[in-house]
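Good morning, and thank you for joining. I shall take the model chain by chain and finish with a few local backbone features.

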Amino acid sequence: MASKVLVVDDSAFMRNLLKQLLEGEHEVVGEAENGVEAVELYRELDPDVVTMDVVMPIRNGIEATSEIKSQDSGASVIMCTSVGQEEKMREAVEAGADGYITKPFQKPNVLQAIADVIQAEA
Amino acid sequence: MQVYTTDTPTSTSGRIKVGIADYAVDSDGGSLTTSGLGSCIGVALYDPDSGVSGLAHAMLPEADPSGDPAKFADTGIQSLLSEMQDAGADPTRVVAKLAGGSTMFDFTSANGGESIGDRNVESARKTLERLDIDIVAMDVGGDHGRSLELDTSTGDLRVRSAKAGDQIL
Amino acid sequence: MNLDVRSLRTFSRLAHSGAEKAAGSLTTLAGIDTYVNVTKVELGTKTDVENEFAERDLVSVNIGFSGGLDGRTILAFSPESAERLVDALVPGMDPTSGDGELAASSLKEVANIMLGGFIDGWADYLDTSIDITTPTYVDEDSGGPLEEVETDGFEHREDERILVFRNQLEAADDAIGFDLYMVPTSQSIGTIVEASGDDGALPVESFAAFSEMICDGANQASDDITAMTGIDTAVEVSRLSFVPIEGVPMSLTDGVRRGVVLEFTGTPSGYIAILFDEPSAENIASSLLPGMEADEAMRQSAIQEIGNIVTSGFLDGWANALETTIEISPPRHVHDIGSAIVDPLATDLAQSQEYAFLIDSTIRTDDDEFTCDIYALPDENELRKALEQLSPAA
């Protein structure tokens with residue numbers, strides 16, 4: 001079943017890549033370039049899943065995840081980052097992230113992660 | 001929180017580069033290349049039935065227990081063969097081609113003994129004999145450098161040399 | 001700050017595995033098989049790194065890191081490599097249209113993923129967490145890649161000693177090559193040295209003194225070449241690095257080189273190779289034999305002689321500083337695949353050492369008439385003894 005996805009990444013290239021990858025599987029309802037935009041767009045669009053970059057200008061993905069989770073505890077947020085340090089993953093857990101994908105990702109991983117968080121929510 | 005990581009990618013171009021003190025296996029009909037063989041020895045192994053091939057580039061003749069196996073001719077050949085077996089090669093069908101092992105300089109440190117190039121060739125031959133693998137072609141020794149390319153679909157080993165020209169083993 | 005060989009090995013291994021991870025990321029992202037050619041731990045100054053970027057026309061992406069370690073990582077491409085890489089990432093894109101921004105964005109994201117993966121291994125080794133900044137894209141129109149590093153904890157001194165981790169990566173088809181650098185601050189180097197234990201550590205000043213000797217030697221060699229050929233030459237690079245022994249031949253290509261190889265004995269002993277590409281060898285032989293119809297034997301002799309003189313210029317300073325004598329063997333003429341020429345030298349040392357101190361210098365004329373590369377490979381143990389003598393405490 002197609003879900004509404006909000007893609008958050010400061011890289012236009014990466015947002016493009018995710019859109020292409022999700023095409024025909026899920027619907028990308030919005031794109032944000034930083035944590036502040038992500039929180040605003042989440043409120044506006046009420047997506048089923050957020051893919052969230054971590055290192056971004058203005059407001060990073062960990063802070064944005066905490067904010068989204070505090071406003072909507074049922075939100076599904078998947079971190080999507082080039083950082084694979086264990087300590088950073090702990091920070092993501094604390095912020096309430098539901099999944100953690102390391103870049104570079106492959107299509108099956110992303111689809112699996114989305115399916116898993118949707119199922120966990122249902 | 002579930003973590004999703006990417007698997008190590010496999011070769012996409014069908015051309016695998018083998019470094020120094022390194023070996024690699026291919027079973028998709030691509031090519032394996034290595035360059036800069038001076039006194040180092042290049043060992044190409046090929047199983048014509050399964051198409052599983054391998055190329056090793058070893059620096060020294062005999063293993064030092066603490067060292068990386070790929071660095072030495074004896075342990076390098078052994079490791080390469082077992083990796084080929086894991087990929088589906090039958091060791092009774094595997095044949096070998098050797099290239100490299102030249103003696104480019106007569107340094108004083110050799111102390112009049114056998115050069116490292118000669119010792120590398122000798123060690124590779126002995127190791128292959130012990131593993132019961134036939135050497136079907138060889139271009140070893142001399143005083144020039146070589147670069148190699150193994151076509152894993154045919155088992156052809158192309159030997160490039162700045163001095164002696166190109167040839168196919 | 002003290003440095004020891006065990007720490008250098010740890011650095012080298014961490015950098016190499018980080019670089020392999022970065023290469024794997026690129027293979028996945030762009031579908032281009034990418035390999036780590038050599039990982040070098042270079043001992044130099046901030047100015048050395050800046051000069052290198054100034055002299056080569058490079059496109060680079062910088063990412064700063066802070067927290068458990070502080071410093072900067074840089075991914076640097078030649079403009080051609082950058083173009084090919086963008087084409088692989090975003091096929092069919094027209095860089096002259098409005099796509100230019102997407103091109104920069106794709107390179108930035110590639111760097112983000114590669115450098116992020118590179119840093120992870122260090123964080124896990126040190127059992128700490130390291131924050132990375134968003135990437136900055138730098139091309140010839142922007143400033144130097146290190147211009148803002150002062151803010152990251154680097155000192156303002158131009159001659160500040162830094163360690164640079166340089167990883168040469170290349171695609172299997174040789175069409176794309178680039179360097180991944182990591183430059184930690186002095187304080188962070190101290191952090192890693194402490195973590196890996198210091199066994200017989202040498203103060204970093206000894207390495208600095210040796211680096212200066214190398215620079216003096218390279219300058220002397222350059223002056224000697226100018227005196228012999230009447231052509232102005234300058235030292236383009238001159239550096240000391242610590243590399244896995246098999247990385248020594250791998251830092252040369254398989255292009256054909258001509259020149260000489262010599263053996264030196266004393267404290268330290270080792271090998272030296274002075275190599276020219278073929279057009280450079282032709283040009284230098286002609287300038288040494290002006291107006292003469294020289295046969296091949298005469299040209300070979302001219303090259304041998306310049307090798308002799310360059311080697312002396314290069315090594316005399318070392319012998320004087322170390323208050324010893326270094327004997328030099330007669331030059332052997334070589335004309336072969338570059339990496340294969342250096343292979344037997346590295347292999348000989350590989351019998352007793354796993355890592356090597358590699359000294360490489362490049363001397364070039366202003367008008368690209370010729371380029372001369374000098375590679376010196378001293379015995380590791382003997383060099384360490386020599387460095388002990390240079391240490392201020394000794």
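**A predicted three-chain model**

Pro104(A) sits in the loop between strand E5 (99-102) and helix H5 (107-121) of chain A. Helices here are DSSP runs of H or I with at least four residues, strands are runs of E with at least two, and both are numbered from the N terminus. The peptide bond that leads from Lys103(A) into Pro104(A) is cis, with omega near 0 degrees.

A word on conventions. This is a predicted model, in which local features need pLDDT of at least 70 and side-chain atom pairs count only at pLDDT 80 or more, while totals for chains, interfaces and linings use all residues. Residues are numbered from 1 along each chain as its sequence is written, and chains are lettered from A and ligands numbered from 1 in the order in which they are written.

Let us begin with chain A. Its secondary structure consists of five helices and five strands, and from the N terminus the elements run β-α-β-α-β-α-β-α-β-α. The radius of gyration of chain A is 13 Å, close to the 14 Å that the globule rule gives for 122 residues, so chain A is as compact as a globular protein of that length. The radius is taken over C-alpha atoms, and the rule is 2.2 Å times the number of residues to the power 0.38. The C-alpha trace of chain A spans about 30 × 30 × 25 Å along its principal axes. Of its 122 residues, 50% are buried; buried denotes 20 or more other C-beta atoms within 10 Å of the residue's own, exposed 12 or fewer, and partly exposed the range in between, with C-beta atoms placed from the backbone.

UniProt, in an unreviewed entry, places the feature "domain: Response regulatory" at residues 4-118 of chain A. UniProt positions are given in the numbering used here, feature names are shortened, and annotations may be inferred rather than shown by experiment. This span is 48% helix and 21% strand, and its end C-alpha atoms lie 11 Å apart.

Which strands form the parallel sheet, and in what order? Six strands make up this open sheet, in the order E2(A)-E1(A)-E3(A)-E4(A)-E5(A)-E1(B). Two strands are taken to pair if DSSP finds at least two bridges between them. Strand E2 (27-32) of chain A and strand E1 (2-4) of chain B stand at the edges, each with a single partner strand, so one side of each is left without a neighbour in the sheet. Strand E1 (residues 4-8) of chain A pairs with E2(A) in the parallel sense over five bridges, and Val7(A) stands opposite Glu31(A) in E2(A). Helix H1 (residues 12-22) of chain A packs on the sheet and touches E1, E2 and strand E3 (49-52) of chain A, its direction making about 160 degrees with that of E1(A). Contact requires C-beta atoms, placed from the backbone, to lie within 7 Å; axes are lines fitted to C-alpha atoms, for helices over the stretch in contact, and angles run from 0 to 180 degrees between N-to-C directions.

I turn to chain B. It has two helices and 11 strands, and 48% of its 169 residues count as buried. Its C-alpha trace spans about 65 × 40 × 30 Å along the principal axes. Five strands of chain B form an open sheet of mixed pairing, in the order E2-E4-E9-E10-E11. The edge strands are E2 and strand E11 (167-168) of chain B, each of which pairs on one side only. Strand E10 (residues 156-160) of chain B pairs with E11(B) in the antiparallel sense over two bridges, and the bridge partner of Val159(B) in E11(B) is Gln167(B).

The contact between chains B and C takes 33 residues from chain B and 29 residues from chain C. Strand E2 (15-17), strand E4 (31-37) and strand E9 (146-151) of chain B each supply at least two residues of the side that touches chain C. Helix H10 (residues 338-350) of chain C lies across E4 and E9 of chain B, at about 60 degrees to E4(B).

Finally, two local features. Asp132(B) has a positive phi, near 65 degrees, although it is a residue other than glycine; with 9 C-beta neighbours inside 10 Å, Asp132(B) counts as exposed. In chain C, the peptide bond from Thr267(C) to Pro268(C) is cis, with omega near 0 degrees.

How values were computed:
Contact = placed C-beta atoms within 7 Å.
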